[in-house]
Amino acid sequence: MLACLVCTGAGAGAALVVKSPAQVAADTAPPAQDILTATVEHRVISQSLITRGHVTASQHADVSAGPQADKDVGRSVVTKVNAAAGHEIAAGQVLLEISGRPLFVLKGAVPAYRDLAPGKRGDDVAQLQTALRESGHPTGGDAAGVFGPGTRNAVISFYRSIGYEAPTIEVAAPETKESKPIGTASSPVLKEAEPPSSVPVLPLSEVVFVRSFPAYIDEVRAKVGDEAGASLLSLSAGALTVEGSVTPQEKGMIRPGQEVRIYSEAMGRQFTGKVTSVGKDRSPAQDGSQDTETEKYTVEVAPTKPLPTELNGENVQLTVVAASSKGKVLTVPSSALSTGADGLTSVTERRGRAEYRIPVTVGVSGDGFVQVTPQKGRRLGIGAQVVVGVQPGTAVGGP
């Protein structure tokens, strides 16, 4: 009896384990594929070009040491450094001290090319007068471009405001003749020459003019104790702009006036601007050990609003909106389009488990989307699901 029960149990177990060939094939077949769909939307399509850009100011200048005004100075050496890279500087600020004398910055478009002293005339004098007045040192009744008593007093006042005495030069007094009373026959007698007088001077070695403010220190190379020579520091001035570059193939998508999105990864902020110019720029490039030239085009971007000073010198992402649809249009992902044997471009709408091919006319494309218009007699509504691909299914309990 026990033997019969054992046989019966073994037969039942075998029935549970043994499968038909059809069942084995079904169990080992690959899982069914999932149909991937996307929603038909009503949206504005923009065609964008993404590149990189460098934030920079509109003016760059290298500051070098000029000849010292004080002839008693035996050595031209850096004695103080008041500037640091990345810092914003203001009009009248002392950047360096060379052999005990200041080197400061003022506003002006004409570079310093001569010492300015009483009696001098010219556009550079007029520029100095304007800079002094804007710094709070009026030039009195002096005519524009004439270094007179008012400008002299303003120079003295300015130097004292930054903690220094104005340098001076000696000017010889003109010779004068002493006339004899009328009726005497003797010749006029020369008066004894008056001693030279000292007058204030603005030496070209102590001033740097920049076209506008704010201004920024880009790099400081000078150190206390260094010989004062060329390229002590570099600075940039004026409103911040962005300069990018594109290839000849990309250049055709860009034109002045296009909108640009400026994104700073460091700040996590986005700003807007417009393309102001696109110009050719042939930059040398290294290709292994061979020097080659790569043709590039420079894209100048003007921000819509002033950029934060922290962005000066930063590398940012530029997204140029090259084209855009006029208002919202019916759109599908570009992967939803297909071309049949009949040559018609179409999308496949999925309703439940049923699929319907809908021929469409293609319009503007950009950012991965395409404008579509169903051909006459066909309908495709907002919210409809269109096929964009298939994804292999995953077996339940599989690895």
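Strands here are DSSP runs of at least two residues, labelled E and numbered from the N terminus. With that in hand: proline 214 sits in the loop between E12 and strand E13 (215–220). Keep in mind that this is a predicted model. Phenylalanine 213 and proline 214 are joined by a cis peptide bond, with omega at about 10°.

Now the pairings. E6, residues 94–98, and E7, residues 101–107, are antiparallel, over 4 bridges. E7 and E12 run parallel, and 4 bridges join them. There, phenylalanine 104 has valine 207 of E12 as its bridge partner.

Stay with E12 for the side chains. In a regular strand, side chains alternate between the two faces of the sheet. In E12, Val207 and Phe209 point one way. Val208 and Val210 point the other way. Buried or exposed? All four residues, Val207, Phe209, Val208 and Val210, are buried.

Between E6 and E7 there is a loop, and serine 99 is in it. Serine 99 is not a glycine, yet its phi is positive, about 50°. Its relative accessible area is 18%, and the cut-off for buried is under 20%, so serine 99 counts as buried.

Serine 231 is in the loop between E13 and strand E14 (233–246). Its relative accessibility is 29%, so serine 231 counts as partly exposed.

On to the helices. Two packed helices are described by the angle between their axes and the distance between the axes. For H3 (residues 123–134) and H4 (residues 149–161), the angle is about 50° and the axes are 10 Å apart. H3 and H4 are therefore oblique to each other. The crossing of H3 past H4 is left-handed. Which residues make the contact? From H3, they are Leu128, Gln129 and Leu132. From H4, they are Thr151, Ala154, Val155 and Phe158. By class, that contact has 5 nonpolar residues, 2 polar and no charged ones.

Serine 197 is in strand E11, residues 197–200. It is partly exposed, at 38% relative accessible area. Beyond its neighbours within four places in sequence, serine 197 contacts Ile169, Glu170 and Val171. Threonine 168 is 29 residues from serine 197 in sequence, and 9.5 Å away in space, C-alpha to C-alpha.

Threonine 319 is in strand E18, residues 315–324. At a relative accessible area of 7%, threonine 319 is buried. What does threonine 319 touch, not counting residues up to four places away in sequence? Ser48, Leu49 and Ile50, and also Glu259, Val260 and Arg261.

Methods. Residues are numbered from 1 along each chain as its sequence is written. This is a predicted model: local features need pLDDT of at least 70, side-chain atom pairs count only at pLDDT 80 or more; totals for chains, interfaces and linings use all residues. Side-chain values use heavy atoms; hydrogens and water are left out. Axes are lines fitted to C-alpha atoms, for helices over the stretch in contact, and angles run from 0 to 180 degrees between N-to-C directions. Angles under 35 degrees count as roughly parallel, over 145 as roughly antiparallel, 65 to 115 as roughly perpendicular and the rest as oblique. A crossing is left-handed if the near helix is turned anticlockwise from the far one by less than a right angle, and right-handed if clockwise. Contact means heavy atoms within 4.5 Å. Ala, Val, Leu, Ile, Met, Phe, Trp, Tyr, Cys and Pro count as nonpolar, Asp, Glu, Lys and Arg as charged, and the others, Gly among them, as polar. Two strands pair if DSSP finds at least two bridges between them. Buried means under 20% relative accessible area, exposed over 50%, partly exposed in between (1.4 Å probe, protein chains only).
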